Amino acid sequence: NRVMMFALFPVIGMVQGFLPIVGYNYGAGNSARVRQSISTSIKYAVSVTTLILILFIIFSEQIASSFTQDPVLIKESSYALVFVFLMSPLIAVQMIGSGYFQAIGKALPALLLTLTKQGFFLIPLVLIMPKFLGVNGIWYSFPIADLLSALVTWLYLQKATKNMIAPKPQEAPAL
């Protein structure tokens with residue numbers, strides 16, 4: 001989890017830059033700019049996470065060896081790292097999508113979408129899948145949870161932005 005958090009710092013930074021842009025344009029009633037910001041942010045975040053995924057596939061053993069010198073643990077950990085990061089490009093979609101709702105002031109959807117991976121999908125999958133697939137069930141749970149949470153976020157984001165009507169900007173009071 002710490003390795004994943006470190007690897008996702010660039011996307012977290014993108015989301016932090018995305019929030020004020022979307023919030024400002026949503027408040028200004030500029031729906032086209034909001035959609036463009038979402039699209040651009042997702043493209044860049046997916047590109048960065050795809051590069052991170054490739055690096056983790058290539059250097060998984062080196063990354064694992066920075067935490068232990070046990071050759072068996074390094075081999076197993078490098079295998080697990082690949083599965084944990086397999087759907088990381090989709091994590092970018094989930095992060096941008098939940099950030100959108102935060103930016104427009106819709107706290108409940110933002111919270112629920114943020115909880116989809118860990119709370120709604122990963123924990124139940126980690127509890128259920130090892131019963132059928134052994135320890136591999138734990139590793140398979142990560143990409144499945146990422147896929148499901150990204151799908152839920154994407155669908156919710158599409159529905160919310162399809163007929164987006166941003167609030168009309170209010171006129172400044174006369175002084």
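Biologist: Which helix gives the largest share of the lining of the second largest pocket?

Modeller: Helix 5 does, with 6 residues. This is a predicted model, in which local features need pLDDT of at least 70, side-chain atom pairs count only at pLDDT 80 or more, and totals for chains, interfaces and linings use all residues. Residues are numbered from 1 along each chain as its sequence is written, and side-chain values use heavy atoms, leaving out hydrogens and water.

Biologist: How many helices and strands does the protein have?

Modeller: There are 8 helices and 0 strands. Both are DSSP runs numbered from the N terminus: a helix is H or I over at least four residues, and a strand is E over at least two. Read from the N terminus, the order is α-α-α-α-α-α-α-α. The C-alpha trace spans about 75 × 30 × 25 Å along its principal axes.

Biologist: Back to that second pocket. What is its volume?

Modeller: The second largest pocket has about 330 Å³. A pocket is an open set of points on a 1 Å grid over the protein atoms alone, where a 1.4 Å probe fits and protein lies on both sides within 12 Å along at least five of seven lines; lining residues have an atom within 4 Å of a point. By that rule 16 residues line the second largest pocket, and Asn1, Val3, Ser77, Ala80 and Leu81 are the closest to its centre. Helix 1, helix 4 (60-65), helix 5 (71-85) and helix 8 each give at least two residues to the lining.

Biologist: How do the lining residues of the second largest pocket divide into nonpolar, polar and charged?

Modeller: That lining has 12 nonpolar, 3 polar and 1 charged. Ala, Val, Leu, Ile, Met, Phe, Trp, Tyr, Cys and Pro count as nonpolar, Asp, Glu, Lys and Arg as charged, and the others, Gly among them, as polar.

Biologist: How much space lies in the largest pocket?

Modeller: The largest pocket holds about 510 Å³. Met5, Ile91, Gln94, Met95 and Thr114 are the closest to its centre, out of 22 lining residues. Helix 1, helix 2, helix 6, helix 7 and helix 8 each give two or more residues to this lining, which divides into 11 nonpolar, 9 polar and 2 charged.

Biologist: Thr116 sits in helix 7. Why is Thr116 called buried?

Modeller: Thr116 has a relative accessible area of 4%. Buried means under 20%, exposed over 50% and partly exposed in between, with a 1.4 Å probe and protein chains only. So Thr116 counts as buried. Ser88, found in helix 6, is buried too, at 1% relative accessibility. Buried residues make up 40% of the 175 residues in the protein.

Biologist: Which residues touch Thr116?

Modeller: Leaving aside residues up to four places away in sequence, Thr116 touches Gln94, Phe121, Ser149, Val152 and Thr153. Touching is a contact, meaning heavy atoms within 4.5 Å. With the same exclusion, Ser88 touches Thr49 and Leu53.

Biologist: By what angle does helix 7 bend at Thr116?

Modeller: Helix 7 bends by about 65° there. The bend at a residue is the angle between axes fitted to the seven residues ending there and the seven starting there. Helix 7 (107-133) has buried residues including Pro109, Leu113, Phe121 and Met129, and its buried residues pack against helix 1 (2-7), helix 6 (88-103) and helix 8 (135-162). Just after helix 7, Gly134 has a positive phi of about 70°.

Biologist: How do you know that the span of helix 2 agrees with its 19 residues?

Modeller: The expected span is 1.5 Å times one less than the number of residues. For helix 2 that gives 27 Å, and its end C-alpha atoms are 27 Å apart, so the two agree. Helix 2 (9-27) also bends by about 25° at Phe18, with the proline Pro20 following within four residues. Its buried residues, among them Val11, Val15 and Phe18, pack against helix 3 (31-58) and helix 6.

Biologist: And helix 8: where does its kink of about 25° lie?

Modeller: The kink is at Ser141, shortly before the proline Pro143. Helix 8 has 28 residues and reaches 41 Å between its first and last C-alpha, close to the expected 40 Å. Ser141 and Pro143 are both among its buried residues, and the elements covering these include helix 3, helix 5, helix 6 and helix 7.

Definitions and conventions. Grid points are joined across faces, edges and corners, and a volume is the space filled by probe spheres set on the points.
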